[in-house]
Amino acid sequence: MIEEIEGKIKEVLNFSSNSSEEIEKFRIEFLGKKGHISRYFSEFKNVDNSQKKEYGLAINKLKSSTLEKIELLKKTVSKISEGQSDDVDLTRPASIIELGSRHPISIIRDKIIDIFYKIGFNISEGPEIEDDWHNFTALNLPPHHPARDMQDTFFIKKDPDLLLRTHTSSVQIRHMENNEPPIRTISPGRVYRNEDISARSHCFFHQIEGLYIDENVSFADLKQTLLFFTKELFGKSKIRLRPSYFPFTEPSAEVDIYWGLNSETDYRITKGTGWLEIMGCGMVDPNVLENCKIDSNKFSGFAFGMGIERIAMLLYQIEDIRILYENDIRFNSQFKDSI
Ligand code: PHE
């Protein structure tokens, strides 16, 4: 009897079919009420005691092999009916996998980070939702200071104020609060301003600000650092600093690079002067250092800040800032080579 069951196991293992009807017939033949398996089970009581164990093992094996086989064949049948046969046409050309590209803002941000990284700056980040202290007061902009109007702010909540940061200078305050000089850090991130959306400005954009605090840091250090940066990023070696005003730096300056006047576009974007403004900078106001518990008699430093969109627009000759946020694949996919 055991030999007979083993024969059936072989039969099961060898069975194959693509037809649902045949599989069902096979199922009934083995697992049906009057099928082989139930017949072998009912024979069990007649088996000699010495053989019961071996006999039991054999029917269980027959049953599990039958169940496995049926499941496998049913799966194959349903794959075939869904058109995913395992028979692969190896001569068929592979479908083309479209490679993604990085966004121009990310590309420029990373280029700027790489340049400052080379000269020892680390990266610091902070929250986009800020409190009044980090965005304004600690930066020498006490409540009611008129210069607060320079940055049209989106407020989330009044008293205590919660707002969308208007610049990443807030991150520099956080960094100074938590680190001792020497400090060399750049803070990239998104900022928000309540401005009308046009080809030139948007209500959110990205900045990178830099901060350097140590003993004996001078304005000459600031200028050399910025010169190194503009040479690396733009390949331009002429810059000029124009006096300006920021509440958190004293003295403050606006940085222009000499772009040149080689084409009609150069005339247009530089308004015929050849010079382009690219960032603000200055020596950190001692009040700001004191607000962050840094001894302003011992330490001094410089800070600078620039808009990433503006630089991306210059380097890629993009005319309208809005296209940077539309995620139009025809635009975005043009930056594949710059990765
Ligand atoms: N925080 C200034 C802005 O957003 C930029 C800046 C940073 C200027 C550091 C000077 C020094 O406009």
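Good morning. Residues are numbered from 1 along each chain as its sequence is written, and side-chain values use heavy atoms, with hydrogens and water left out. Because this is a predicted model, local features need pLDDT of at least 70 and side-chain atom pairs count only at pLDDT 80 or more, while totals for chains, interfaces and linings use all residues.

I begin with the overall layout. The domain assignment, which is automatic or taken from a database, gives domain 1 (2-81) and domain 2 (104-338). Taken over C-alpha atoms, the centres of the two domains are 76 Å apart.

I turn now to the ligand. How many residues surround the ligand? There are 14, and the closest are His167, Ser169, Arg193, Gln207 and Glu209; a residue counts as near if one of its heavy atoms lies within 4 Å. This shell divides into five nonpolar, seven polar and two charged residues. Here Ala, Val, Leu, Ile, Met, Phe, Trp, Tyr, Cys and Pro count as nonpolar, Asp, Glu, Lys and Arg as charged, and the others, Gly among them, as polar.

Three strands, S6 (204-214), S9 (275-284) and S10 (300-307), each supply at least two residues of the shell, and S10 gives the largest share, three residues. Strands (E, at least two residues) and helices (H or I, at least four) are DSSP runs, numbered from the N terminus.

Next come polar pairs, that is, N or O atoms within 3.5 Å of each other. A polar side-chain atom of serine 169 is 3.0 Å from a ligand nitrogen. For arginine 193, a side-chain N or O atom lies 2.9 Å from a ligand oxygen. Glutamine 207 likewise places a polar side-chain atom 2.9 Å from an oxygen atom of the ligand. The ligand taken alone exposes 320 Å², of which the protein buries 92%; these areas come from the Shrake-Rupley method with a 1.4 Å probe.

Finally, the backbone. Most residues other than glycine have a negative phi, and most peptide bonds are trans. Lysine 271 has a positive phi, near 55°, in the loop between helix H9 (264-269) and S9.

Methods: A polar contact is a pair of N or O atoms within 3.5 Å; within protein, one must be able to donate a hydrogen and the other to accept it, and residues adjacent in sequence count only if both atoms are side-chain atoms.
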